[in-house]
Each structure stands twice: as structure tokens, then as C-alpha cells.
Amino acid sequence: MHALGEISIGELAAVLIYLFITAYLGWLGYQGTKNSTDYMVAGRKAHPTVVALSYAATFISTSAIVGFGGAAGMFGMSLLWLCFANILIGIFVAFVWLGRPTRRMGAALDAHTFPELLGRRFQSRFLQAFAGLIIVLFMPLYGTAVLIGGTEFFSQALGLEYGAALFIFAALVAAYVFFGGLKGVMYTDAFQGALMCLAMIVLLLFTYKLAGGVVEGHRALGELKALVPASLQAIGHRGWTAMPEFGFGSPKYNLWWIIVGSLTLGVGVGVLAQPQMAVRFLTVRSGRELDRAVGLGGVFVLLLVGTSYVTGALSNLYFIRHGPVFEGRVVKTLDAARGQALIQVMEKDPERGWADMARVSRPGAKPATEPVFPAAAAGKGPLPKEKLPDGTVREGLVIPAALIKDSPPTKLENGVQVVQGRTISLFAAKGLSDRIIPLYITTALPKWFGMLFMLSLLAAAMSTLSSQFHTVGAALGRDVVGPGRGGFLLVRLGVLVAFLAAAGIGYYARTSPMAVSVVARATAIFFGLCASAFIPTFVGGLFWRRMTRAGAISSTLVGFLVTALWLLLVKTPECRVLGLVSDSLLAGHPNWPVVDPLLVALPLSALTAVLVSLAGKPMDPAHLARCFGEETANP
Amino acid sequence: MLGIEDPWVAAAYVLCVAAAALCVLYSLFVGRASDEESPSSRAPESSEAPRNNP
């Protein structure tokens, strides 16, 4: 077994070469940046390959690969519905249906940012500024989540202390954004996207080879369904190759609403209104470039996202067959024919003998695992849960395991039989789903791939972070402060502010458990806010001439407010993390607390857009003709 | 299908590949046939604010 953090000269050289190429591409962007149009929308001349790779790389961050891949390790292949949504909606619908009209209208209105497109379409400086403010206030949190993910790998790769790694990593990304603008961002995205694809192809091939092939791997994964932890079974988990149980009105349907509602719809639809994605439609010369980019974009997302989820799910098979060995006593048989059981984990101390392993939660401290001597003092069942006088809660570490048939049990003096077994990904990763993919990479794959994968995660983080810095910079410098005041120099200043905010929050977040929790939810919060606030205004603006300024503004405000209230008061775990209430106001009414805000706020904001628009006067036909590119030159 | 018992999960797997194939076919056929050009009279680089602010 090898550790990702062990760094050799060759590995250090690989990181430095990667950083050099990134810096060179950033410099190329700087060389090609002469004016605001170059800085903000890459001169409206981006190549379709660059657009496709940049779009996919910006979309897919470390959270998609490690976070959602780990979620697939927990929840299984039902997450592939999100992959399908990412390709069909995030690429095909976005490029084919939204991309062309966005490009056309953006060129007709000379819009340089997503808020500016909305603002000029509806002749509303307030709309542009409000949309810009949403980006400035909430995107840095999302950026921080990505920054923290990238810093973990950066600090390991170079052996740096976390704080220094965070600052250097953020500064490196900010540098090529500051100087190179969107051209620098997209050139580096394209390189990073290509690297990510290469890593994912290798990962997919290795994973299916280790699993024994596509069909056999899936079949064997399906046979592990008895090992689903009880806590996940209780919310509908039926195995890693099965959909969760569907229904409404009981906690046993929660997982279905999480996977289909929050993940598939929330992220799958939410991407349509992500400002840093939509701006890429403004970067091409014509609709033909977008048509050409669709194919590459679809393949890239399939490779990046599909591989992560399939690998995450199949990692369970790997750990059951080859993962760390646990010893313990059987407390419940799950599937006798397959040798699957729940075991109370035990460890042998050379001097003190066998101990039961316990999960221990002390007030004010992180949960830990500790031995309790002597083993099986309370009987052959699991170590019972108890609260100690000092407030510590202790209960037996019980895990689902596949027993190793070739290993005969050890019989203790008190009659307890100690068996050996291997467990599923979540328990092999000590209960942290974010550790599943890195653990799988370091234990199952050759060391050289660990290096390639780490570089691809760095690439994923940098490609997403650079777009966030650029978008926040543009929002602050152009949308909130206003166009015509300082040009793209002010946007550069905005990029600096974005870098300082993300680095500051990222540094502080480590010291505050509440901040850590908020940052962890930041991606979902930002996607939800953008989707409900922007989708009706954006789509209505592109396709519905009857939509008015009042309709657009009220829709955006309703979408934002309803999303914010739902997150603050109803949606778990966000409402607990944000702290305005101790628990969801609908805690006693399943499955409302796990319903994604998008499912509530988006219909309301869409309805608001329609009703308010129809109640008001239509917009000026001459302005609409200009928006839709129907102006004719004066004779 | 594909060793996956649940038809909904098997469908998701197949649809992922099908969606990517749809994207590729679209690019190959529509991308090559389409010949839309950008507007010949593109607006000059402008920083003017929109009229009729609320």
C-alpha cells in the first residue's frame, strides 16, 4: 500500500510541469487580451474545442469527482440519473436550445456578462446589479468549497502546511485569471479538461478490470445489497445497483427525494443558470461553434461524471474483496449463503488482550474510535450504547462485512468466536464519503495513477475556481459597480477581491465547525439560488417577447427569497447549519425537509414572471427588435 | 441488462451513453450543416447603461 502524500522527485517534477503549462497558457491569454471584450468574453472568437472542454471542466470540480463519487459509493448507481441530466440538460439542452439565442442576443446587446445580458434585455440596471450582487455575495462560498478541496491535494503534492498551500494555490489561480481574463481561463480549462479526461479513462478501465468486467462487476455489486447499513436502509436504500424506494410521506422515501430531487434536478437543472457557464455562450463567433462543441461536451461530461459515479459504486466491490481486514464477532447474520453479517469490531492488544472497538463522542470533541477492555464483557452481542458520567456517549463499532471464508474463527475463552471480514467503502473510509474515492485510488490503483489522479483533481479545482474568480470579478467590476467605470481594470480589481474573499473564508473555515458545515453545503446553496432566481428570467428573456421588466425583476426576487427562506427554515441539513432554527419547521412532515428548494421556488418564480408580465404593458417593440437581432440598417 | 437487476438503474446507465451519443451525432450532422454567421453589423464595444431604469 502506498500513500498519496509520499512525494518523489518525479512526482514533484510532474506537478511543476503541470503548473508551468498552466502558467504558459495563462500568459497566452494575457498576450491575447487587449480590451474588455477579450477579457470578459474571450473576444467572442473561442474555438469550439476550447469552449467544450472549458464548459465541462468548469462544471466538474473536485466536489463532482470526489464528493459526488463518494456519494455514489454510499448511495449506488442510481446517481447515474444525475449524470444523464448533466449530459442531456447541462450540455445538449444548454448548448442547442439556450446557447444559440444567448450568443445572438449577447452579441446584439453587446453583453459581456450574464447579469449584463439580463439587465440589457429588460432595460434594468437594478436587475443587472441585483444579479451581480447574488454572484458577489454567494459565489465566493462556492469558490471556497472548491478551493479547500484543491488545497488538500496541493498541500499533499508539495508537502506544504495547509495555510501556506491555500494561499499559494489561490494566488496561482488568481494570477492567470487576473492577467489572462477569460481567454486565460478557457485555455487553461481546455488543458485541465483534457488531463481530467485522460485520468478518468484510465480509472474506468482499471475499475472494470478489477471488478471482473462490466456485466460481472454490476452483478457482483448487486449481491452486496444485504450490506447496506441500517441507517441508509431506513431512508430507502435498496442496494448499490437499485433505485431507492419511491413514495412520499415517510422518512423511508427520503433517499429517493435526495437523489432525484436535490441531486438530479437541483444540480442537473440548476446548471442552466450558472453565470460562469452561461457566459461561455457569449464567447463564440457563431452558433455553428456551439453546435460543434456539443459532441465534445457530451463525451467529456460522460467521462468525467459517469466514471466517478460508476467507480464510486464499484469501490464497494473492491473493498469487500481486497480492502482492509477487520476482526470481530458476528452480532447478526445478514445473508448466510453469501457469508455477509454485522460484526462488532474487535482488536487485540499484545498486552491486554481483546477489546471491543467503540464509537466515542465527547462533548466539544470530534467523534473517535477507542478500544474498550475486556471484549464481550456485556455478552456476545454488540457493545451496548451508554452515556458516561462525563457526558461521553459510547457505542459499539458495528459494521456490515463479508466474512473471509478461508480464515477460520478464533475461539476465545469466554466462548466468543472472532471472525475476519472486509467491509463496504463507507466503513473502509471511516465513515467519510469524501474519502472513498481517494482511498480507492491509493489502495487499488498503481502509484503512477495516484499522481495522475491528483493532478486531475488539481486541474478540476483550478478550472472551476478560475471561472468563479473571473465571474465574481466581472460581477463586482462591471455589474454591481457599473459598466463604463474603469473598464476591465475594475474587473481585475474584482478578481483580486474574489481571491481574498475565497482565501480568507477558506482559511477561517478550518477553525470554525459552523463555517466548515456551511462551506460544505455551499455548492448546493449557490446552485439552488441561481436556478430559481435566474432560470425564468433567462429563459423568458430569450424566448418570450411578452415578458416585461417588472416580470423579470419580480420573478428574480421571488426565486431568490423563496429559496433563501426554504434553506433557512425548512431544508435539512442546511437549516440546521445556517442556524436560524434548530430544526426544520416541517420536521414532523416527511419528506418536505429533504425536498430541494428548486422544486418549490422555481415554479413560483416562473409563475410570477408570467402573471406580472401579462398584467403589465409589453416592452418597446424597437427594443425587442434590437434584442432579437431584427434591427435593419438605416438606408 | 448489463448485470443490473433494477431496470431504472440499467436505464440510467444506457441513457447516459445514449445522451452522449446524441451530442456527438448532433455535432457531426447539424454542426457541419449549420452555417449561421454572426451579425455583420456588430455593436461597437459599448459601456452604455440601459435606459429606463426602475
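1. In this predicted model, helix H9 (residues 214-222) of chain A packs against helix H13 (residues 287-322) of chain A at an angle of about 70°, and the two axes lie 10 Å apart. That angle makes H9(A) roughly perpendicular to H13(A). On the H9(A) side the meeting residues are Gly217(A), Ala220(A) and Leu221(A), while H13(A) contributes Ala313(A), Leu314(A), Asn316(A) and Leu317(A). Sorted by class, the contact of H9(A) with H13(A) holds 5 nonpolar and 2 polar residues, with no charged residues.

2. Helix H13(A) also packs with helix H5 (residues 80-108) of chain A, where the axes come within 9 Å and cross at roughly 165°. The two helices, H5(A) and H13(A), are therefore roughly antiparallel to each other, since an angle over 145 degrees counts as such, and their crossing is right-handed. The residues of the contact of H5(A) with H13(A) divide into 14 nonpolar, 7 polar and 2 charged.

3. Turning to chain A as a whole, its secondary structure comes to 22 helices and 9 strands. Its radius of gyration is 26 Å, close to the 26 Å that the globule rule gives for 635 residues, so chain A is as compact as a globular protein of that length. The C-alpha trace of chain A spans about 100 × 55 × 50 Å along its principal axes. Of the 635 residues in chain A, 58% count as buried, and residues 24 or more positions apart account for 75% of the contacts in chain A with a separation of 6 or more.

4. Two cis peptide bonds deserve a look in chain A. One joins Phe373(A) and Pro374(A), with omega about -15°, and Pro374(A) lies in the loop between strand E4 (368-372) and strand E5 (386-387) of chain A. Another joins Thr572(A) and Pro573(A), with omega about 0°, and here Pro573(A) sits in the loop between helix H19 (549-569) and helix H20 (574-578) of chain A.

5. Lys430(A) has a phi near 55°, which is a positive value in a residue other than glycine. Lys430(A) is placed in the loop between helix H14 (425-428) and helix H15 (436-444) of chain A, and it counts as exposed because it has 10 C-beta neighbours inside 10 Å, the limit for that class being 12 or fewer.

6. In chain B, Leu2(B) likewise is not a glycine and has a positive phi of about 60°. Leu2(B) is found in the segment before helix H1 (7-33) of chain B, and with 13 C-beta neighbours inside 10 Å it counts as partly exposed.

7. Gly616(A) has its place in the loop between helix H21 (597-615) and helix H22 (621-627) of chain A. This glycine, Gly616(A), is partly exposed, with 15 other C-beta atoms within 10 Å. Leaving aside residues up to four places away in sequence, Gly616(A) touches Thr548(A), Ala550(A) and Gly551(A). From C-alpha to C-alpha, Gly616(A) and Lys209(A) are 62 Å apart in space, and in sequence they are 407 residues apart.

Definitions and conventions
Residues numbered from 1 in each chain as written. Chains lettered and ligands numbered in written order. Predicted model: local features only at pLDDT ≥ 70, side-chain atom pairs only at ≥ 80, totals over all residues. Axes fitted to C-alpha atoms, helices over the stretch in contact; angles between N-to-C directions. Helix = DSSP H or I, 4+ residues; strand = E, 2+ residues; numbered from the N terminus. Parallel < 35°, antiparallel > 145°, perpendicular 65-115°, else oblique. Contact = placed C-beta atoms within 7 Å. Nonpolar A, V, L, I, M, F, W, Y, C, P; charged D, E, K, R; others polar. Rg over C-alpha atoms; globule rule 2.2 N^0.38 Å. Buried ≥ 20, exposed ≤ 12 C-beta atoms within 10 Å, placed from the backbone. Left-handed = near helix turned anticlockwise from the far one by under 90°.
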